[in-house]
Amino acid sequence: MKKTITALSLVAALFTASTIPAASASPAAPELPAACAGLVQDLAGKLTKTVSSLLPLPNVGAVTPLIGDLLGLVTALQSSGCLPTPPVSVPGVPIPVKAAEYTGPVDQCLPVVLNLISTIAGLGGTVLGAASGALPDVGKLTGLLTTLLKTVTDLLSKCGLPAPPGGLPSLPGLPGLPVENS
């Protein structure tokens, strides 16, 4: 019995000694896949086209395909391992094919990804709702675009994505949003 207690104490001491240094070491920032910079640059380009197509006068026909392009870029960022993929619990919902697994800070990044998808969908709903002939409310579009640009800024900083060359677009008459990258 004494030998068992001594052996268990020794195993516990070795386990503790081997796990404490690993737990206290600061984790290295994960390296992003090479495709992330290009996809972020494409996202910034589509955002620039979206802003110029909606303000000062909305051109619903020009921006309608851009909404799909923006959602496609979010999916491409997820499948490249640049962003986390939201967990899917609904049967029948297609899950994007993953070429690489996201290794960044999921707890900070995933809520921003979900917010980005929601904001793009809200913008799409407003634009497509106006596709019946009436122009969308410019004030509502300005608010949605402001939210979209702020969300993309949060995405860059909280998900560790590189800032696009030239930064993100700004709304006409409003100062550009600063891009922070941690």
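**Exercise 1. What is the handedness of the link of C36 and C82, given the angle about the S-S bond?**

*Solution.* Start with the source. This is a predicted model, in which local features need pLDDT of at least 70 and side-chain atom pairs pLDDT 80 or more, while totals for chains, interfaces and linings use all residues. Residues are numbered from 1 along each chain as its sequence is written, and side-chain values use heavy atoms, without hydrogens and water.

Step 1. Find the bond. C36 is joined to C82 by a disulfide, S to S 1.9 Å. The criterion for a disulfide is a pair of cysteine sulfur atoms within 2.5 Å.

Step 2. Read the torsion. The angle about the S-S bond is -105°, and the link of C36 and C82 is left-handed.

Step 3. C36 sits in helix α2 and C82 in the loop between α3 and α4 (106–129), so the bond ties together parts 46 residues apart in sequence. Helices here are DSSP runs (H or I, at least four residues) and strands are E runs of at least two, numbered from the N terminus.

Step 4. Check burial. Both C36 and C82 are buried. Buried means under 20% relative accessible area, exposed over 50%, and partly exposed in between (1.4 Å probe, protein chains only).

**Exercise 2. Describe how α2 packs on α3.**

*Solution.* Step 1. Take the geometry. Helix α2 (residues 35–54) and helix α3 (residues 60–79) pack at about 160°, with axes 10 Å apart. Axes are lines fitted to C-alpha atoms, for helices over the stretch in contact, and angles run from 0 to 180 degrees between N-to-C directions.

Step 1. Classify. That angle makes α2 roughly antiparallel to α3. The classes are roughly parallel under 35 degrees, roughly antiparallel over 145, roughly perpendicular from 65 to 115, and oblique for the rest.

Step 2. The crossing of α2 past α3 is left-handed: the near helix is turned anticlockwise from the far one by less than a right angle, whereas clockwise would be right-handed.

Step 3. List contacts (heavy atoms within 4.5 Å). Residues of α2 include C36, L39, V40 and L43, and those of α3 include V63, L66, L70 and L73. C36 is also an end of the disulfide to C82.

Step 4. Sort by class. The contact has 13 nonpolar, two polar and four charged residues. Ala, Val, Leu, Ile, Met, Phe, Trp, Tyr, Cys and Pro count as nonpolar, Asp, Glu, Lys and Arg as charged, and the others, Gly among them, as polar.

**Exercise 3. Summarise the chain.**

*Solution.* Step 1. The protein chain has five helices and zero strands. Buried residues make up 34% of its 182 residues.

Step 1. Of contacts between residues at least 6 apart in sequence, 66% join residues at least 24 apart.
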